[in-house]
Amino acid sequence: MEQIFISEGFERGRVIAEHKELYIVRTEIGEIEAEVTGNMRFTAQGREDFPAVGDWVALKIYSNSFGIIHKIFPRSSCIKRESTGKQSDVQIIGANIDYALLVQAVDRDFNLNRLERYLIICNESKVSPIIVMTKTDTISDISVEEIRQRICDRITGVPVVFISNETRKGYPELLTLIKEGKTYCLLGSSGVGKSTLINNLTGRELMKTGEIGSQTNKGRHTTTHRELFFLENGAVLIDNPGMREVGIANSSAGMETTFDTIYHLARGCRYTDCTHTNESGCKVLNALSKGDLNVELYNNYMKMEKERSFFELSELEKRKRDRSFGMMLKNYKKEHRKK
Ligand SMILES: Nc1nc2c(ncn2[C@@H]2O[C@H](COP(=O)(O)OP(=O)(O)OP(=O)(O)O)[C@@H](O)[C@H]2O)c(=O)[nH]1
Ligand SMILES: [Mg+2]
Ligand SMILES: [Zn+2]
């Protein structure tokens with residue numbers, strides 16, 4: 001980052017929070033409220049052209065308290081989320097992230113399919129995943145081990161840490177994974193303890209966290225916007241609002257890394273376009289029948305693959321529509337000129 005040339009009159013800063021079109025940027029002279037230039041707003045083609053939490057930006061500061069952002073430095077990584085519902089904007093979960101802490105609670109929140117979904121997104125965005133299981137104080141040690149085993153049966157090559165934000169059990173192990181100068185973002189459903197973890201690690205009551213009411217199990221202080229926090233060792237944590245649905249969009253590369261065992265097997269299938277559903281000579285089905293492949297992993301792969309190709313198709317359709325609309329416009333203009 002340091003090598004990036006900053007021309008005279010500009011400060012370098014990192015976006016630590018975003019409120020509609022107002023950004024809080026941390027600079028050498030303190031935290032500054034900033035907006036983007038009119039030009040940036042006009043030329044932006046989509047969400048990605050606007051600053052996001054975690055971005056490094058060049059800004060001009062006026063009267064030590066207000067700034068104008070002129071440039072976003074190239075992102076080393078960018079976690080995006082496409083809503084699985086109706087067509088909607090991409091959301092940027094964080095920029096320049098090194099690691100994602102995939103946070104799940106060991107209660108009914110625990111869900112391997114959802115973990116894999118997050119893994120696809122991490123692998124697609126080239127962000128290293130770390131699985132953090134919270135609320136171990138609410139179940140027995142035996143149940144913790146059962147969950148650990150179930151995760152290991154499905155997911156390999158990803159660190160898994162079990163913690164309790166109540167007793168702080170597991171914190172030392174987690175802290176060995178939080179490295180100086182690296183940026184971590186916390187992802188997971190609402191109420192799993194992301195903000196509580198950040199509060200405990202920063203040693204301050206920074207983020208309001210949900211308190212379990214006597215009647216309901218719903219947190220009252222759920223996080224409503226992304227925000228970036230600094231640990232003493234210089235590591236950076238980004239808190240996120242809990243996510244209800246996480247679309248994987250067209251994450252082919254992310255799928256391939258996440259389901260590498262299946263992709264590896266598939267290379268041996270008799271037909272190159274094998275769907276691994278009923279073909280003869282299918283290495284995937286073969287491994288399934290021999291018990292060499294986890295059946296739940298296979299089921300989730302099929303589900304995710306369907307979602308991915310559906311997304312790909314609808315994107316293709318959209319582009320086709322845009323193209324034919326463009327042609328129509330061109331013809332119209334041509335006709336017009338003739339007259
Ligand atoms: N027993 C127990 N409770 C926890 C633990 N971690 C968090 N909680 C409680 O769970 C509730 C929700 O915690 P939060 O930290 O607000 O959860 P969050 O993930 O930030 O939720 P959102 O901001 O809505 O995404 C709070 O009442 C916490 O006190 C834990 O390890 N054990
Ligand atoms: Mg929170
Ligand atoms: Zn096959």
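Let me start with helix H5, where the buried residues are Lys194, Ser195, Leu197, Ile198, Asn199, Asn200, Leu201 and Thr202. Buried here means under 20% relative accessible area, with exposed over 50% and partly exposed in between, using a 1.4 Å probe and protein chains only. Helices (H or I, at least four residues) and strands (E, at least two) are DSSP runs, numbered from the N terminus.

A quick word on what we are looking at. This is a predicted model, in which local features need pLDDT of at least 70 and side-chain atom pairs count only at pLDDT 80 or more, while totals for chains, interfaces and linings use all residues. Residues are numbered from 1 along each chain as its sequence is written, chains are lettered from A and ligands numbered from 1 in the order in which they are written, and side-chain values use heavy atoms, with hydrogens and water left out.

Back to H5. Eight of its nine residues are buried, so to speak a mostly covered helix. What do those buried residues pack against? They pack against S8, helix H4 (171-177), S11, S12 and S13.

Which residues coordinate the magnesium ion, ligand 2? Ser195 does, through OG, and Thr223 does, through OG1, at 1.9 to 2.1 Å. Donors are N, O and S atoms within 2.8 Å of the metal (3.2 Å for Na, K and Ca), and because water is not among the atoms, sites may look incomplete. Ser195 sits in H5 (residues 194-202) and Thr223 in the loop between H5 and strand S12 (227-230), so the pair ties together parts that are 28 residues apart in sequence. Are these two buried or exposed? Ser195 counts as buried, at 7% relative accessibility, and Thr223 is buried too, with a relative accessible area of 15%.

Now to strand S8, one of the elements H5 packs against. Seven of the seven residues in S8 are buried. On one side we have Tyr99, Leu101, Val103 and Ala105, on the other Ala100, Leu102 and Gln104, and both faces are covered. S8 runs parallel to S9, with seven bridges joining them, and Tyr99 stands opposite Ser128 in S9. Two strands pair if DSSP finds at least two bridges between them. From S8 the chain crosses through H2 to S9 in a right-handed β-α-β crossover, meaning that, with the strands pointing away from the viewer, the path from the first strand over the helix to the second runs clockwise. S8 is also parallel to S11, through four bridges, and there Leu101 has Leu186 as its bridge partner.

Finally, the cores. A nonpolar core is a set of buried Ala, Val, Leu, Ile, Met, Phe, Trp, Tyr and Cys residues joined through side-chain atoms within 4.5 Å. The largest one has 34 residues, and Met133 and Ile151 touch the most other members. H2 gives this core its largest share, six residues. Domain 1 (2-72) and domain 2 (78-239) both contribute, so this core lies between them; those bounds come from an automatic or database domain assignment. Leaving aside neighbours within four places in sequence, Ile151 is in contact (heavy atoms within 4.5 Å) with Phe110, Leu112, Ile131, Met133, Val160 and Phe162. Apart from this core lies another, of 21 residues, among them Tyr99, Leu101, Val192 and Phe229.
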